[in-house]
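Q: Can you walk me through this one? I'd like the main features, quickly.

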Amino acid sequence: MKTKIALLLVVALLAALGWTFVKRPLAVPDGEAPSLPPVATVAGVTFSVIRSADIASRAGFTVRGASLLEPTTTAVAAFVVEHPRGRFLIDAGTAQDIEAHLAETPLLSRVLSETTVRQPTVDALAQRGLAPGDITGIILTHSHWDHTSGLADLRGVPVWMTPEELAFARTDDMGVVFRQIEAAGPIELRELSFPDGAYGPFEASWDVFDDGSVVVVPMPGHTPGSVGVFLTDGSGKRALLIGDTAWAREGVEWPAEKPWLARRIADHDAAQVRAQLVMLHRLQRANPELVIVPVHDPRVLDGVAAL
Ligand SMILES: [Zn+2]
């Protein structure tokens, strides 16, 4: 009898776990479509992608409703923004000693995925003829290891983070790699704030060069101080990097959140992430020319490189 009850319990738990992977698109309310400011075209602005590493897993782990059988690649990337008045990185990609950082990541995510290093960020920059001293600054979408690892090789370059994100990085379990890098040597921290008023549906912004080409907006949810970055290149193509608000483009397209297990491991405030995804879905629908970039989705990154 006891065995039967235990068996039933296991079956029920597995069924409950299975349910968390079933497709359940988020409800999208009607209402006024969010519009964006006119595109600001600044000659000489370009952006490109450094693909630092690839993490192999299953599509179903990245977005609720995708197949658990379908293999998928999660890219670890840094973005290079060239502007006549400065050269920024958005996120830092991976360090040369990525193994030291991988060892600190949650065991479950290591068991469920496999990481292949393509090119540490500092090496990719060197290949372009750039030393860390040639980088004006680094803006972090957030502080998780796969966005900060490369900082270990970029000492001396100013790093912009919101105060909420810095507090999180210095205390949360998911900030352990950031703390490891900080313990090994100083990080040139700069406070990221939003002095420039609303930008489309975002209530505040930081217009980095005061010309509309690089605009940072708050996007809390995945972490308390996550940010999004609007990038408009010299031809007038506008992209929005959304950090890890979604890991795959379907997160915005359907829209759908990460499955429960991934939310438990990675998302700080699941309800806030859901609200961001619905807002991004509506923003995309109202602005079809905007390229929304979940920074880990290689299918979207390939398109950014071609912009
Ligand atoms: Zn990430």
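**Salt bridges, zinc and the rest**

A: Arginine 274 and glutamate 257 pair through their side chains in a salt bridge, 2.7 Å from N to O. That pair ties distant parts of the chain together, 17 residues apart. Arginine 274 sits in helix α11 (residues 270-286), and glutamate 257 in the loop between α9 and α10. Note that this is a predicted model.

Q: Is glutamate 257 buried or exposed?

A: Buried, with a relative accessible area of 9%. Arginine 274 is partly exposed, at 29%.

Q: How many salt bridges does the structure hold?

A: Twelve salt bridges. One of them joins the side chains of arginine 299 and aspartate 297, at 2.7 Å from N to O. Aspartate 297 is buried, with 2% relative accessibility, while arginine 299 is partly exposed at 38%.

Q: Which residues are joined into one network?

A: Arg51, Asp54, Arg118 and Asp302, through salt bridges that share partners.

Q: Switching to the metal. What coordinates the zinc ion?

A: Asp146 (OD), His147 (NE2), Asp244 (OD) and His296 (NE2). The distances run from 2.0 to 2.2 Å. Along the chain, the donors follow the spacing D-H-x96-D-x51-H.

Q: Where do histidine 147 and aspartate 244 sit?

A: Histidine 147 is in helix α6 (residues 145-148). Aspartate 244 is in the loop between β11 (238-241) and α9 (250-253). The pair links distant parts of the chain, 97 residues apart. Histidine 147 is buried at 1% relative accessible area, and aspartate 244 is buried at 4%.

Q: Why is the arrangement around the zinc ion irregular?

A: Because the angles subtended by the four donor atoms range from 82 to 155°. A tetrahedral call needs all angles between 85 and 135 degrees.

Q: OK, backbone. What is the peptide bond from tryptophan 254 to proline 255?

A: That bond is cis, with omega near -20°. Proline 255 lies in the loop between α9 and α10 (260-266).

Q: Which residues have a positive phi although not glycine?

A: Aspartate 91 is one of them, with phi about 65°. Aspartate 210 also has a positive phi, about 55°.

Q: Now the surface. What makes the nonpolar patch?

A: Val10, Leu14, Leu17 and Trp260 make a patch of about 360 Å². Helix α1 (residues 2-19) gives the largest share, three residues. Leucine 17 is in helix α1 and is partly exposed, at 32% relative accessible area.

Q: Last topic, the overall fold. How many helices and strands?

A: Twelve helices and twelve strands. Buried residues make up 52% of the 307 residues.

Q: What radius of gyration does the protein have?

A: 20 Å. A compact globule with 307 residues would be near 19 Å, so the value agrees. The C-alpha atoms fill a box of roughly 75 × 50 × 35 Å along the principal axes.

Definitions and conventions
Residues numbered from 1 in each chain as written. Predicted model: local features only at pLDDT ≥ 70, side-chain atom pairs only at ≥ 80, totals over all residues. Heavy atoms only, no water. Donors = N, O, S within 2.8 Å, 3.2 Å for Na, K, Ca; no water. Tetrahedral: all angles 85-135°; square planar, octahedral: opposite > 155°, others 65-115°. Helix = DSSP H or I, 4+ residues; strand = E, 2+ residues; numbered from the N terminus. Buried < 20%, exposed > 50% of the residue type's maximum accessible area, 1.4 Å probe, protein only. Patch = residues over 30% accessible without salt bridge, like charges linked within 9 Å, V, L, I, M, F, W, Y side chains within 5 Å. Areas by Shrake-Rupley, 256 points an atom, 1.4 Å probe, with all protein chains shown as cover. Salt bridge = Lys/Arg side-chain N within 4 Å of Asp/Glu carboxyl O. Rg over C-alpha atoms; globule rule 2.2 N^0.38 Å.
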